[in-house]
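Subject: Structure handover

Hello,

Here is the structure you are taking over.

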Amino acid sequence: MYLKALEIQGFKSFPDKTVLNFGEDITAIVGPNGSGKSNISDAIRWVMGEQSVKGLRGAKMEDVIFGGTEKRSQVGFAQVTLVLDNTEHIFPTMEESEVSVTRRYYRSGESEYYINRQSVRLKDLTELFLDTGMGREGYSIIGQGKIDEILSAKSGERREIFEEAAGISKFRHRKEEAERKLERTEENLVRINDKIAELELQVEPLREQAEKARKYLVLRDELRLLEISVWLENLDALKAGARKLEADFHAAEAQRDEARAALDALYAEGERYSERMREKDMEAERVRTESAALEDRIKEKESAAAVLESTIAHNRENIQRAEAELAEAESRSGGLAKQAEEQEARVAEIDRRIGELNGALAALLETAQAMAEQAGGAQNEA
Ligand code: ATP
């Protein structure tokens, strides 16, 4: 086993980071009493997992952290890294040519372990050194008075040292672990037997409970069936209701469509009536205009008739005068008889003319009357 280097920081009398590189030959560290030589071997034992405070020459684990001096205050943690050569695969589980182990301890009591800067458990670190001759309980580090201790140690402890040296401590370790497991299993077995005894006491009440549970399950199944049939019945009723609602809905839709169509027809009819109203209004207006025109014509005819009547009256007066003159003339001259006849013929002609005019006037009045009635009828209809 070749130690390549040791890095100490905050450990015992090494507050600052101190790196010791070991050459391939023998390395000796010399110094006056109390200068810290043994602290270096303590650091090596500590980094390999030493748990015994006494073995580290302290009263408690915190004592490994630099505690301060008059000139320098204490530090918060101690850290030691040991670099080992592995070119000959002393650590069969590690492939690297160099293996570094690190241990860090804080004043809070927290410990951290690393192998090649990978965080590991203390167990991993202990197993790494098993059968390498460097175990924390091995004989590789022999401190002051240790040889005396080995010689005077009890045979069991001595055996452990030789086993470590012979490389069978791994198997002893495993055997111890297996024995511990066996003990734990036996303890578990005892606990299980106790539990069985306890459970046996509960068998009868549990059987009753199981019976009840079985009945409960049967009843629960029956209840479930009943519930299902009720649900199915409800479902049928709901389906029928839904079908009826659907039919009602369709009928309502049809009615709505019909009503819409009727409404559209009514709107169209209303539109037609409005159109007809407009036409009738126009017609009434036209009739009113025609009626006014007829009235004007009637008035014209009436005034024409009045003119004719006055002409007739005038002519009658003329006739009477003429008759008077005729009579006078007859009396004066019989030759005037022919003149009188002519005058009579003229009078007859004028009478005939008057008759014709009267007929035409009557026809006109009739037409006017008929048109006035027609206009009145059209106005009422509008
Ligand atoms: P010797 O030859 O007498 O055995 P040594 O050189 O091996 O002596 P160590 O016993 O390693 O010396 O070192 C003891 C020194 O370490 C003491 O001065 C002690 O005060 C110092 N020391 C130990 N623990 C701590 C600590 N936690 N903080 C500060 N100094 C410490």
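In the ligand site, a polar backbone atom of glycine 36 is 3.1 Å from an oxygen atom of the ligand. This is a polar contact, a term that stands for a pair of N or O atoms within 3.5 Å; within protein, one atom must be able to donate a hydrogen and the other to accept it, and residues adjacent in sequence count only if both atoms are side-chain atoms. Taken alone, the ligand exposes 640 Å², and the protein buries 68% of that (accessible areas come from the Shrake-Rupley method with a 1.4 Å probe, and for residues only the protein chains shown count as cover).

Before you read on, note that this is a predicted model, in which local features need pLDDT of at least 70, side-chain atom pairs count only at pLDDT 80 or more, and totals for chains, interfaces and linings use all residues. Residues are numbered from 1 along each chain as its sequence is written, and side-chain values use heavy atoms, with hydrogens and water left out.

Asparagine 33 also takes part: one of its polar side-chain atoms lies 3.3 Å from an oxygen atom of the ligand. Around the ligand there are 16 residues, of which Gly34, Lys37, Ser38, Asn39 and Asp63 come nearest (a residue is near a molecule or strand if one of its heavy atoms lies within 4 Å of it). This shell has nine polar, four charged and three nonpolar residues. For these classes, Ala, Val, Leu, Ile, Met, Phe, Trp, Tyr, Cys and Pro count as nonpolar, Asp, Glu, Lys and Arg as charged, and the others, Gly among them, as polar.

Lysine 12 has contacts with both ligand and protein. A backbone N or O atom of lysine 12 lies 3.4 Å from a nitrogen atom of the ligand. The side chain of lysine 12 makes a polar contact of 2.9 Å with the side chain of aspartate 42, and it reaches the backbone oxygen of leucine 56 at 2.6 Å. Lysine 12 sits in the loop between β1 (3-9) and β2 (18-21) (helices, H or I with at least four residues, and strands, E with at least two, are DSSP runs numbered from the N terminus). Is lysine 12 buried or exposed? Lysine 12 counts as buried because its relative accessibility is 13% (buried means under 20% relative accessible area, exposed over 50%, partly exposed in between, with a 1.4 Å probe and protein chains only).

Arginine 57 is not a glycine, although its phi is positive, at about 60°. Arginine 57 lies in the loop between α1 (37-47) and β3 (77-85) and is exposed, at 51% relative accessibility. Histidine 89, also a residue other than glycine, has a positive phi near 55°. The loop between β3 and β4 (98-106) holds histidine 89, which is partly exposed at 44%.

Alanine 292 lies in helix α6; alanine 292 and histidine 250 are 42 residues apart in sequence and 62 Å apart in space, C-alpha to C-alpha. Glutamate 366 is in helix α7 and is exposed, with a relative accessible area of 61%.

Regards
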